[in-house]
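Hello,

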Amino acid sequence: MSEATTTPREVAAAAAPMLQVQGLEAWYGESHVLHGVNLEIRQGEVVTLLGRNGAGKTSTLRAIMGLVGRRAGSIRFEGKELIAARPDRIARAGIAYCPEERGIFASLDVTENLMLPPVIAPGGLTVEEIHALFPNLKERARSQGTKLSGGEQQMLAIGRILRTGARLLLLDEPSEGLAPVIVQQIGAMIRQIKQRGFTVLLVEQNFRFAQTVADRHYVMDHGRVVDTLANADLSASTGRLQAYLGV
Amino acid sequence: MEDLLFDLQLVALGITNGAFYALLSLGLAVIFGMLNVINFAHGAQFMMGAFVAWMLLNWLGIGYWPSLILSPLIVGLIGVVMERLLIRPLYKLDHLYGLLLTFGCALVIEGLFRNYFGASGLRYSPPPGFDALDLEYGDFFMPGYRVWVLLAGTAICVATWLVIEKTKIGAYLRAAVERPQLVQAFGINVPLMMTLTYAAGVALAALAGVLAAPVYSVHPGMGANFIITVFAVVVIGGMGSILGSIVTGFLLGFVQGVTDVVYSEASQTVVFVIMAIVLLTRPAGLFGRA
């Protein structure tokens, strides 16, 4: 009988994407880097942006976060339009960002780095849960942030945004430059946070890694989304993908 | 023996000057670290701190102790207005623009005060009771107010250092010095933080001004006299280094005191000689990161 009590409005709300990006354009100074990006992410999905270097993947994440010089188009997150919002407002709306260069602060120790992003909503992981996911961070709590290994820095960079209660995580190439065993650990972590209801938009060059964590893939080229692939179809579409990625 | 005690007195006086150097260069370091602006108006803001204390006393009858709080608040508010209206548009430009702008502000502020109050000094007496702190032993005499300046200056420096190194607000500050964009993307209002940091640095200068009012006469040029030495302190300590500015401030006050004993003609020059040597051997300063 529960279906009978669900109103059409609620059905529509449940079906509406969590993040809807339409016609997103972005500029760094004079250079026009995004030319009308369209994409959608539903609550609880893990979606990747694939594409070769310079295709606009990182710029898309930075544009969603408000970290480009100028942007136009539409970014709706949970019904709110964010195209004109400042980065701190966007973060407060529930989006968290982990940059490609990881952004660990040298003048802060590991604990200070972990505790830096303010909690913006309930529902984030506790420090104990983050330490359970990444035991190294507990052992090295008092070390200077940048004294950690590359893998540990990546764990710290992801761990600190899991605390904040942000519901959508933008992760820029978390697997880049890391040993295979660490990449596996990060893959396991992404599957685990997906189970907890987090939504993830992931930039990846490594589509074999992307395949192990994602539901869907967008392929980008020249500042646009040029194709969408369901994860189940990825193996079948390897030829198509390789053409895009130029491998 | 008497000579030695008299010499010690000169050194002690030098160290209290060092407390002012430390307070002023600390404010400069905080502002430079966060805003990347070399705040040449710092001396004028120090002078305004002293003048506001004088005005509060002579116009409103508000005494020294409330002024220690009120004057930094009032001058800090002027700092908020300056940051919002004048300094903010310069962040994207080279350091030099901020330096020139704040230097211009200093000239305007000093000119306004000179026009209104004249160039001669005004007296500001500390409240009675400081003689209880007088240190006297034979020929060694240090007035109680100087002792208070030394204690208060040290306490303020330590407190500022603790706030920056050990608190959450300090962690935001240190992080925003490294990567302001990322800190803002974590949900922190970085532009507001920059305004408040400037105001805090300016308030420190004003607080030093109130402390200085009973020691030096209150006059429009009092900041300009100080600020030249303070910039030498900043260069020696390392631009933007908090600990460096505190330690170097006290150290150079001490060195000036010792020079006063050994060869008093050089006591004003010695700071610049040290600056030249430091610049030649460690261009980033004693505590600076190259």
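**What was found**

B:Cys157 has a relative accessible area of 1%, and because anything under 20% counts as buried, this cysteine is a buried residue. Please keep in mind throughout that the model is a predicted one. In chain A, A:Cys98 is likewise buried, with a relative accessible area of 1%.

**Around A:Ala96**

A:Ala96 belongs to strand S6 of chain A, which covers residues 95-98, and its relative accessibility of 6% makes it buried. If you set aside the neighbours within four places in sequence, the residues in contact with A:Ala96 are A:Ile161, A:Ala166, A:Leu168, A:Leu169 and A:Leu170. The C-alpha atom of A:Ala96 is separated by 20 Å from that of A:Gly151, which stands 55 residues apart from it along the chain.

**Two pairs of helices**

Two packed helices are described by the angle between their axes and the distance between the axes. In chain A, helix H8 (residues 150-162) packs with helix H9 (residues 180-195) at an angle of about 10°, and their axes are 10 Å apart. Because angles under 35 degrees count as roughly parallel, H8(A) is roughly parallel to H9(A). On the H8(A) side the contact is made by A:Gly151, A:Gln154, A:Met155, A:Ile158 and A:Leu162, which meet A:Ile182, A:Gln185, A:Ile186, A:Met189 and A:Ile193 of H9(A). Seven of the residues in this contact are nonpolar, three are polar and none is charged.

In chain B, the axes of helix H5 (residues 144-166) and helix H6 (residues 168-178) come within 5 Å and cross at roughly 75°, and H5(B) is therefore roughly perpendicular to H6(B). Here B:Val163, B:Ile164, B:Glu165 and B:Lys166 of H5(B) meet B:Lys168, B:Gly170, B:Ala171, B:Leu173 and B:Arg174 of H6(B), and the residues of the contact comprise four nonpolar, one polar and four charged.

**Where the chains meet**

How many residues of chain A are in contact with chain B? There are 24 of them, and they touch 17 residues of chain B. The area buried between the two chains is about 1,800 Å², and carbon and sulfur atoms give 57% of that area. On the chain A side, A:Asp88, A:Phe105 and A:Leu116 lose the most area to chain B, and together they make up 28% of what that side buries.

With best wishes

Note on methods. Residues numbered from 1 in each chain as written. Chains lettered and ligands numbered in written order. Predicted model: local features only at pLDDT ≥ 70, side-chain atom pairs only at ≥ 80, totals over all residues. Heavy atoms only, no water. Buried < 20%, exposed > 50% of the residue type's maximum accessible area, 1.4 Å probe, protein only. Axes fitted to C-alpha atoms, helices over the stretch in contact; angles between N-to-C directions. Helix = DSSP H or I, 4+ residues; strand = E, 2+ residues; numbered from the N terminus. Parallel < 35°, antiparallel > 145°, perpendicular 65-115°, else oblique. Contact = heavy atoms within 4.5 Å. Nonpolar A, V, L, I, M, F, W, Y, C, P; charged D, E, K, R; others polar. Buried area = accessible area lost by both parts, 1.4 Å probe.
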